[in-house]
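Good morning. I will go through one structure today, beginning with a term and then moving to the parts of the chain.

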Amino acid sequence: MRSTRKAMITAICFLCIAGAAAAEGAPTSQFGFKGWPYRNHTVCTRTTSAPRKTRSPAPAATPAPAKTPAASAQPSTSVNVGDYTTLSVSAQEYSAWNLLNADRQTNGLSALPLDEELCAIARVKACDMSENGYFAHESPTYGRPAEMLRRFGYSFKGVGENIAHYGTVEKAEAGFMSSASHRANILGSQWTRAGVGICLDKNGFVYVVQLFAR
C-alpha cells in the first residue's frame with residue numbers, strides 16, 4: 001500500500017515538472033541560446049484555499065450623507081500610432097537601453113543617446129508583432145525598418161533593427177549578444193542614437209525592438 005502511494009506521488013510530481021516546462025507558451029530562443037530558463041518554476045506545489053467563513057449580518061447603520069463622486073482614474077496611455085511622439089519611455093525600456101550601453105562600454109564603445117521618438121516607433125513595432133502574431137523585421141503593417149521610419153516622418157541616414165521575444169529584457173539582451181548579427185548592431189560604431197520599444201504578450205513575456213540610427 002505504501003509503495004503504491006509513493007509511486008502515485010512520484011507520478012504527480014513528474015506531471016508537475018512537465019507542465020511547468022510547457023506552461024504559458026514560453027517562447028523558444030530565436031538565437032539558439034539555452035543557457036537559462038525563462039522563469040523559475042516551483043516544482044510540484046499545490047495550494048489549497050481555506051473555506052470561506054460566513055459572517056453574521058452587520059446591524060443596520062444610519063445612512064451617511066451623500067458624497068460627491070470622486071473623479072475617475074485616468075486610463076493608462078496606450079499605443080497611438082497617429083501621435084506616437086507623446087508616448088513616454090517605460091522603466092523596462094530604460095532598463096533595456098542601459099543593458100545595451102553596458103555591453104557597448106564593456107567593449108570600449110561610447111554609450112548611445114536614448115532617442116524617445118525612436119523608442120516610440122520601436123514600441124509600435126513591438127506591439128504590432130504581439131498583436132498580429134508575427135516575428136519578423138518586415139511588418140505586414142509598416143514594412144521594413146527604413147520604410148517604417150519614413151512613414152512616421154523620422155529623419156535618418158541609416159537604420160538597424162534587433163528584435164527578440166523573451167521572458168525578460170535581461171534575457172533578450174543576453175540573446176542579442178550571443179548572436180553575431182545582433183551583436184554587430186549593438187556594437188556598431190556607425191550609430192549615433194538608439195531607441196528601445198517593449199510590448200508584453202498575453203503571458204507577460206516581452207517583445208523587444210532595438211532601433212539604431214544615424
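A residue is called buried when its relative accessible area is under 20%. Cys 119 has a relative accessible area of 0%, so Cys 119 is buried. Please keep in mind that this is a predicted model.

Next, the disulfide. The count here comes to one disulfide, and the bond runs between Cys 127 and Cys 199, with S to S at 2.4 Å. The link of Cys 127 and Cys 199 is right-handed, with 100° about the S-S bond. Cys 127 sits in helix H3, residues 116-132, and Cys 199 in strand E2; the two are 72 residues apart, and the pair links distant parts of the chain. Both Cys 127 and Cys 199 are buried.

Now helix H5. How many of the nine residues of helix H5 are buried? Seven are, so helix H5, residues 169-177, is largely enclosed by the rest of the structure. Among the buried ones are Val 169, Lys 171, Glu 173 and Phe 176. What do the buried residues of H5 pack against? They pack against helices H2 and H6 and against strands E1, E2 and E3.

Methods:
Residues are numbered from 1 along each chain as its sequence is written. This is a predicted model: local features need pLDDT of at least 70, side-chain atom pairs count only at pLDDT 80 or more; totals for chains, interfaces and linings use all residues. Side-chain values use heavy atoms; hydrogens and water are left out. Buried means under 20% relative accessible area, exposed over 50%, partly exposed in between (1.4 Å probe, protein chains only). Helices (H or I, at least four residues) and strands (E, at least two) are DSSP runs, numbered from the N terminus. Contact means heavy atoms within 4.5 Å. A disulfide is a pair of cysteine sulfur atoms within 2.5 Å.
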